[in-house]
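Have it open while you read, and go through the points in any order.

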Amino acid sequence: MTEIFYDNDADLAIIQGKKVAVIGYGSQGHAHAQNLRDSGVEVRIGLKEGSKSKAKAEEAGFTVLSSAEATEWADVIVILAPDQVQRHLYAEDIQPHLSKGNAILFGHGFNIRFGYITAPEGVDVIMVAPKGPGHIVRREFEAGRGVPVIVAVEEDATGGAWPLAWSYAKGIGGLRAGAIKTTFTEETETDLFGEQSVLCGGVSQLIQYGFETLTEAGYQPQIAYFEVLHELKLIVDLINEGGIAKQRWSVSDTAEYGDYVSGPRVIDPHVKENMKAVLADIQDGTFAKRFIADQDAGAPEFFALRKKGEQHPIEATGRELRKLFAWNKADDDDYVDGEVAR
């Protein structure tokens with residue numbers, strides 16, 4: 001039975017008594033660091049030489065060290081760098097400077113689940129994963145609320161890993177909303193599956209196929225964009241607010257009836273079989289090996305696939321139509337000329 005843990009289930013004094021190094025100051029890193037500091041925790045930031053995040057961290061009032069220096073200083077080392085670089089960062093800057101009794105903490109289980117990182121004896125291995133992007137984790141904390149978290153312990157070397165995990169989760173505001181106990185394996189496999197089959201891969205491909213079907217039938221691309229992409233947010237907001245049932249209740253009877261009779265024609269049982277194949281590739285490590293091998297080679301497949309996606313006709317149509325939306329930004333500051341700024 002699923003248990004949900006709240007603020008009263010954790011002792012904030014545990015994390016307040018630790019020195020915490022947050023390695024990485026990106027989306028999650030800045031939120032964890034600032035929330036912990038506001039919760040009375042001593043925090044320093046670990047960054048690689050020349051990191052563009054250094055100025056942001058220092059402007060926020062943090063002491064910035066190298067990742068190695070931060071690890072040597074800290075009791076708890078929070079590793080929030082991208083999945084594909086974590087093992088190199090860990091091997092070069094973190095592992096050599098770990099001490100018995102330290103804890104390493106992750107926001108996602110990828111590198112532990114697939115064996116790219118292994119902690120030395122005597123070191124706790126913990127995960128606290130907020131179910132929301134960093135800017136929302138920070139915003140909700142400042143508003144006196146929190147974003148739900150899922151929490152796991154892979155190695156309880158000290159015997160105190162679970163109390164520390166709950167305390168950390170409380171420190172970033174997660175227990176205000178609630179925390180669910182999980183495992184590194186469950187979090188990693190379900191997270192990758194959700195991204196690939198539904199949230200990113202499935203939705204993106206469905207939108208593109210819908211756009212292609214309408215434009216190939218002779219309909220205007222602008223109208224097709226509105227119908228298969230723009231209005232998706234309205235539907236997702238309703239689902240997020242009250243589930244699929246409320247979404248169906250909220251739309252017109254025509255739309256609801258079409259949902260029932262046509263949805264299973266588009267997403268038929270073959271799709272579920274394909275999803276099972278995707279899950280199998282995640283579970284046996286096939287996806288992880290393919291991703292890491294490509295990244296190690298300079299990410300040629302990754303960049304080729306990104307470029308192909310950016311060249312889909314729906315992107316050009318969308319760029320023009322979004323200029324009509326007064327409530328949207330005129331342009332995307334973090335996405336310039338088809339390239340994501342990282």
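1. First, a term for what follows: contact, or touching, means heavy atoms within 4.5 Å. Also keep in mind that this is a predicted model.

2. With that in hand, take a look at Q86, which sits in helix α5 (residues 83-94). Is Q86 buried or exposed? Its relative accessible area is 3%, and the cut-off for buried is under 20%, so Q86 counts as buried. Leaving aside residues up to four places away in sequence, Q86 touches I79, A81, F106, N111 and I117.

3. For D75, the chain separation from K19 is 56 residues, yet their C-alpha atoms are 5.2 Å apart.

4. Now for some helix packing. Two packed helices are described by the angle between their axes and the distance between the axes. For helix α11 (residues 201-216) and helix α12 (residues 221-230), the axes come within 9 Å and cross at roughly 145 degrees. The crossing of α11 and α12 is right-handed. On the α11 side you'll find I207, G210, F211, L214 and T215, and these meet P221, A224, Y225, V228 and L229 of α12. Sorted by class, that contact has 8 nonpolar residues, 2 polar ones and no charged ones.

5. A backbone detail to check is A299. Most residues other than glycine have a negative phi. A299 is not a glycine, but has a positive phi of about 60 degrees. Where is A299 placed? You'll find A299 in the loop between α16 (286-296) and α17 (300-310). A299 is also buried, at 4% relative accessible area.

6. Last, empty space. Rolling a probe the size of a water molecule over the atoms shows where empty space is left. How many cavities of 30 Å³ or more does a search of the whole structure find? The search turns up 1, and the volume of the largest cavity is about 30 Å³. The lining of the largest cavity is made up of N35, P130, V137, F141, G146, V147, V149, I172, G173 and G174. By class, that lining has 6 nonpolar and 4 polar residues, with no charged ones.

Conventions:
Residues numbered from 1 in each chain as written. Predicted model: local features only at pLDDT ≥ 70, side-chain atom pairs only at ≥ 80, totals over all residues. Heavy atoms only, no water. Axes fitted to C-alpha atoms, helices over the stretch in contact; angles between N-to-C directions. Helix = DSSP H or I, 4+ residues; strand = E, 2+ residues; numbered from the N terminus. Left-handed = near helix turned anticlockwise from the far one by under 90°. Nonpolar A, V, L, I, M, F, W, Y, C, P; charged D, E, K, R; others polar. Buried < 20%, exposed > 50% of the residue type's maximum accessible area, 1.4 Å probe, protein only. 1 Å grid on protein atoms, 1.4 Å probe; cavity = no way out; pocket = protein on both sides within 12 Å on 5 of 7 lines; lining within 4 Å. Points joined across faces, edges and corners; volume = space filled by probe spheres on them.
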